[in-house]
Amino acid sequence: MEATIKVDGLRKTYGSTVALDGMTFTVNPGRVTAFVGPNGAGKSTTMRVVLGLDRVDAGTALIGGRPYRSLRTPLRHVGALLDASALHPSRSGRDHLLWQAHSQRLGGKRVDEVLRLTGLADVGRRSAGGYSLGMRQRLGVAGALLGDPPVLMLDEPFNGLDPEGIRWMRGFLRALAAEGRAVLVSSHLMSELQDTAGHLVVVGRGRVVADTSVADLIAAASGDRVTLRTSARTEAMTALAREGATVAVTDRDTLTVDGLPADRVVVVLSGAGVPFSEVAAHRATLEEAYMDLTRDAVEFRAEPTEVAR
Amino acid sequence: MTGALHAEWTKLRTVAGPLWLVVGAAALTAALSVAAVAAAECPATGCGQDAVRTSLTGVQLGQAIVAVLAVLVIGDEYRTGLIRTTLATVPSRVTVLAAKGAVVAGATLAAAVPGVLGAYLAGRLMLPGRGFTAAHGYPPLSLTDGATLRAVAGSVLYLTLVALMSLGLAAAVRDAPTGVGTVLGVLYLAPVLITVVSDPDWEKRLRQLTPSNAGLSIQHTIGVADLPIGPWAGLGVLALWSAGALLLGGLLLRLRDA
Amino acid sequence: MSGFVGLLHAELTKFRSVRGWVIGCGLAVFLMLLFAGLAGAGNSHTGNGPGGGALPVGPDGTRVLDGLTLVHQPLDGDGSLTVRVASLVGSEPPEPPQDGAAPTAPERPAAPPTAAPEPWAKAGLIVKSGTAPGSPYAAVMVTGGHGVRMQHDFVHDTAGPADARWLRLVRAGGTVTGYASADGTAWTQVGTAALAAGEATAGIFVATPGHEEFDQYPGGASSIGGKVIATGTFDNLVIAGGRPGAGWETRAVANENDPQAPPLLSEHDGDTFTVQGSGDVAPATGGPGPKLEQTLVGSFAALTVVAVLGVLFVTTEYRRGLVRTTFTTTPGRIRVLAAKAVVLGAITFAVGLVASTGALLLGKAILGEDYGATVGTQVRLVVGTAALLAVAAVFALAIGTILRRGAGAVAAVVVLITLPYILSVAAVLPAVPAQWVLRLTPAAAFAVQQTLHVWPQVYQAYTPAFGYFPLSAWGGFAVLCGWTAAALAIAAVLLRRRDA
């Protein structure tokens, strides 16, 4: 089976609230696709639709080309983590996985394997009601891995994890993608997915705002800006402005230069005899790139709303 | 205490569920009474029936709804985890339970008064058409009659006490469905048990001690002297049950982690 | 199909891995036993209720009344009897007993009794294999209000002409045939009965049930009555096939322990016999008083427990969002509902079987008798109660799925099943509405616990207040099944339509 999630033109309204407004994107194998957007942008609804839990007014969502509801043993095709707290508190973590395994004709052996994979082997037999949020997230991931599926879909898996847990989760997701799986991870905090996601689907108000690779996005957001550290701020600004650059003060001794590449900046400053301690090509963080995007998204969204009224 | 009371009242009125339960309890109490009155008949003089009691049959159904209302007041908080917020804002368990009790009693009265009055009106208006006429020894029901007034007002009190007992049991079991099951088991099992016990001593004991049987003796208007337990004493037995349940609930609330 | 087995396995794992639910199953068993003990103890002082004591047992094991006055002679083989019943009258019923005193047998009437006979007073011909109470017989008779009847072995009853006065019994081999005639010349066959060939006794008999008036009041029911005496006048008595030279002997067949044994009277005046009798030849009925099903009264408690279990089995999933995980593992929601129903039904059936078997055995041990219920009936009681609990649990599951809220669902299930039972059986409602309630509501299912049999040939208030359900055991059970099927159908539609 093809390891993809294809979402095409999903539309869903709750009364007068539009939850999904033509949501369209594809998740491909071999990389972690980040599914980001502010709270209420439609991330969880989309995932529920993909899993056949919610109905849509229009559009299709296919896993490897098939609708979820047509899958006989779905956990062998898709593993999903929606809400880590969806547990019966007096059932043990192992039993929670066991009933899911039984529904897929899997046995206790596989349950013990995924417990080990997620580091829960020691606590599996304790009541899940006593689990910390981090342990519940791990249990949820363990459930998603039960059927060893080619497609994984995790809703906010970083919620409640401690720094150690976040690092573990990042590595784990990268490793799963490296095995050739399609991994879709939603988050409302971009920083969590730094160095993890290879692809990005940004959503706002029920539709896709950007669908791009992370490398392209960061390159676009970085532009050809240069960060300059100098003790002679005024002299540096004058010299660079004379060469046609736009200079902004970022800090007491830091300037951001736009319009000149780093090597030209060094030549100009050296020629003018301005002292400097550091010149570096600016690299935007994923967070910054994302903020740029969503800011655009808000502006982009404002107009049609006005027209609609 | 005033603050806690106000908080509980705000909690109750800001969700839709309790309002519907209040309306439902009133409506179903009156509805079952209408059905029972419509089914009753008094073909001849001295048919031996207690017309007031027949009119108040709806309380048998109303008590279930009232129990759900009371159980949810505490069970819903355990369901949502809200109980921790409640106990963080009002750390005294006794105050919380007392405030909840006051609010539950108020809500139950709001359901019981119209419900029981509706039942009474059903009897007053419909019973003469079913043969309960003055000629057969049944003047129309009237609240100026002491026994009738006692039965009607007592039914309202009965429902309120049932609600308080439910609240106490719910605080003890901490789970709404289990709480409703427990309350309804206590209320409905006794009358069934009485139909199978033929030993007069046992029967008398059951009628005296079980909350629904003892409590509902308040509805009797004829043959009161022959009852195993008097109307007010019977209601008193129910009140003891309610007090015991609240005590148990309060004690467990204090002893257990939230 | 193998997918469904996996689904069943998954739901079974879900159920058994929540400790509270397993404890709930144990609680159901415990409550059944506890209430069986209570019901037993609450009845143990009343071994001699109405119709109580050691009743004789009929040929098929049914407890019977066998009180009649017999004027008979031996009939060793084939033969026939013919008689005309000139009249059948009753005595005035006794005054209702005061302050619960036991009704007393009336003095022998000084004047010839002239009151109308009880509708089921009997005077006629009988061939009986012996005079021991409960022994097989075949009889054709004139009754007080139901015309000519052919009855045999207590439980069988066939109607004949309404106005015939001439009766004939013909015994040939193992068969007895009854005839009736208005004029003694044109005979019509009323019915036939099997009666083992060989020594028997044959003759005329008179019997009558007591006069009873049944009353119900909110919270209970009562029957007031007492013995009456019926007097039958016979003439034209002819026997063929009797022993040569044998004469007519009078004898009372009665329950040995009956303190109110009928006064024995028979006068033989030329061709005319005047015979007085009381007691009845009929199956015993229950009415008020202990019954075997009372040992299962705990099923109301167990029902409440399984209702909570059934509701929780689905609503806990809704309340924790677990239902999404379930529907993610199994997108076919109807299949999930079906698997839940099967697993829950199987578990509660097994629990119910253990509980009701234990309760019945314990109750019987405490009561010290089984009220004449046959093994088949007892098996039906136990299996029926278990099935009732299982279906009620599935009903609760369906209601829980529809409402998605545990508290409301539990209240709905308990109120729908238990309250109609209380309103009708505890006689809050008059008889006719009570019967309709027990035909239409899920409470009808408690008919599976009924040991009482409706005998058309016995006058009795066959109403819920006296323990008689309007529907047959499995008919009543089917009503609950119907409600459950409807609730499941609604739940299935809603599951399909709703977002998880």
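Two strands pair if DSSP finds at least two bridges between them. Keep that in mind for this tour of a predicted model.

Stop 1: Select residues 151-155 of chain A. Now look at its two faces. In a regular strand the side chains alternate between the two faces of the sheet. Here Val151(A), Met153(A) and Asp155(A) lie on one side. Leu152(A) and Leu154(A) lie on the other. Both faces are covered.

Stop 2: Pick out Ala80(A): its bridge partner in strand 6 is Met153(A).

**Stop 3: strand 7.** Next, select residues 182-187 of chain A. Strand 7 is parallel to strand 6 and is joined to it by 5 bridges. Find Leu154(A), which stands opposite Val185(A) in strand 7.

**Stop 4: helix 5.** Show residues 163-178 of chain A. Together, strand 6, helix 5 and strand 7 make a right-handed β-α-β unit.

**Stop 5: strand 3.** Move to residues 31-36 of chain A. Strand 3 and strand 7 run parallel, with 6 bridges between them. Return to Val185(A): Ala34(A) stands opposite this residue too.

**Stop 6: the whole sheet.** Zoom out. In what order do the 6 strands of the open sheet come? Follow 5-6-7-3-8-9 in chain A; the pairing is mixed. The edges are strand 5 and strand 9 (207-213) of chain A, each pairing on one side only. From one strand to the next, the twist averages 15°.

Technical notes:
Residues are numbered from 1 along each chain as its sequence is written. Chains are lettered from A and ligands numbered from 1 in the order in which they are written. This is a predicted model: local features need pLDDT of at least 70, side-chain atom pairs count only at pLDDT 80 or more; totals for chains, interfaces and linings use all residues. A residue is buried if 20 or more other C-beta atoms lie within 10 Å of its own, exposed if 12 or fewer, and partly exposed in between; C-beta atoms are placed from the backbone. Helices (H or I, at least four residues) and strands (E, at least two) are DSSP runs, numbered from the N terminus. A crossover is right-handed if, with the strands pointing away from the viewer, the path from the first strand over the helix to the second runs clockwise. Axes are lines fitted to C-alpha atoms, for helices over the stretch in contact, and angles run from 0 to 180 degrees between N-to-C directions.
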